Amino acid sequence: MLNLRSIVCIGLVVLSVAGISGCNEKSTTEATAVKPLEMLSVDGVGPINAQTAFNLHDITTVFQGLNVTQQLHYHKGQKYPVIDVTKDTKTLLVINPDVKQQKVFSVMVKDNLIGNRLGHIIGMRFADIYAYGQTEECAAGTEELAGKVLCYAPQTGNILYLFGGTWNGAVGAVPPKDVLATWQMEAMIWKPLAK
């Protein structure tokens, strides 16, 4: 299994989380009533996978009919590009490049218009995803993800679920299971499997 701490510290630093805490039950319920535009699986998000070039033109071709834009983000004084895929005013995906900015490093799913082959949806409670005592590896989020928790999706090594909720515990710590049980999924993150 991949080292979750290194993924959080290295890989997710480039993830854009703007607007991620704006999930609400109404939009989650509405999104589940329509057919997903694409599906998240261990193999990728729709046609996006480990072989996909991080290229605005190619990704625009894949998501025809959606708004695909490239933005520059900054982290510790360094700039890096991300590609956002939106429908109307909803951000569906944030696609992040690898270090060389040549291939896709990760994809953050931010809306239920992107389905999940594992059957879980944004807005689900932690306790509705993980059976008692059978939680996958979890780690506290850092930097932009501080106050959140990242957990591997059940029986996967490359899909992470981002949970948010209320807790008065130590910063940088994962809440106890009884607290985490009520937290809701705010996003799903796909990364290529380690070779």
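The model is predicted, so local features need pLDDT of at least 70 and side-chain atom pairs count only at pLDDT 80 or more, while totals for chains, interfaces and linings use all residues. Residues are numbered from 1 along each chain as its sequence is written, and side-chain values use heavy atoms, with hydrogens and water left out.

The description begins with the sheet. Helices (H or I, at least four residues) and strands (E, at least two) are DSSP runs, numbered from the N terminus, and two strands pair if DSSP finds at least two bridges between them. Strands of a sheet pair through backbone hydrogen bonds, either parallel or antiparallel. Here, eight strands form an open sheet with antiparallel pairing, in the order S3-S4-S5-S6-S11-S10-S9-S8. Strand S3 (67-75) and strand S8 (138-140) stand at the edges; each has a single partner strand, so one side of each is left without a neighbour in the sheet. Within this sheet, strand S6 (residues 104-109) and strand S11 (residues 184-190) run antiparallel and are joined by three bridges. Methionine 108 stands opposite isoleucine 189 in S11.

A disulfide is a covalent bond between the sulfur atoms of two cysteines; the rule applied here requires a pair of cysteine sulfur atoms within 2.5 Å. The count comes to one disulfide. Cysteine 138 and cysteine 151 form this disulfide, with their sulfur atoms 2.0 Å apart. The pair links distant parts of the chain, since cysteine 138 lies in strand S8 and cysteine 151 in strand S9 (residues 149-152), 13 residues apart. The link of cysteine 138 and cysteine 151 is right-handed, with 110° about the S-S bond. Cysteine 151 has 0% relative accessibility and therefore counts as buried (buried means under 20% relative accessible area, exposed over 50%, partly exposed in between, with a 1.4 Å probe and protein chains only).

Charged side chains provide further links. A salt bridge is a side-chain nitrogen of Lys or Arg within 4 Å of a carboxyl oxygen of Asp or Glu, and the count comes to two salt bridges. In one of them, the side chains of lysine 148 and glutamate 186 meet at 2.8 Å, N to O. This pair links distant parts of the chain: lysine 148 is in the loop between S8 and S9, and glutamate 186 is in strand S11, 38 residues apart. Both lysine 148 and glutamate 186 are buried. A salt bridge also joins the side chains of arginine 125 and aspartate 128 (3.4 Å, N to O). Arginine 125 counts as partly exposed because its relative accessibility is 34%, and aspartate 128 counts as partly exposed at 47%.
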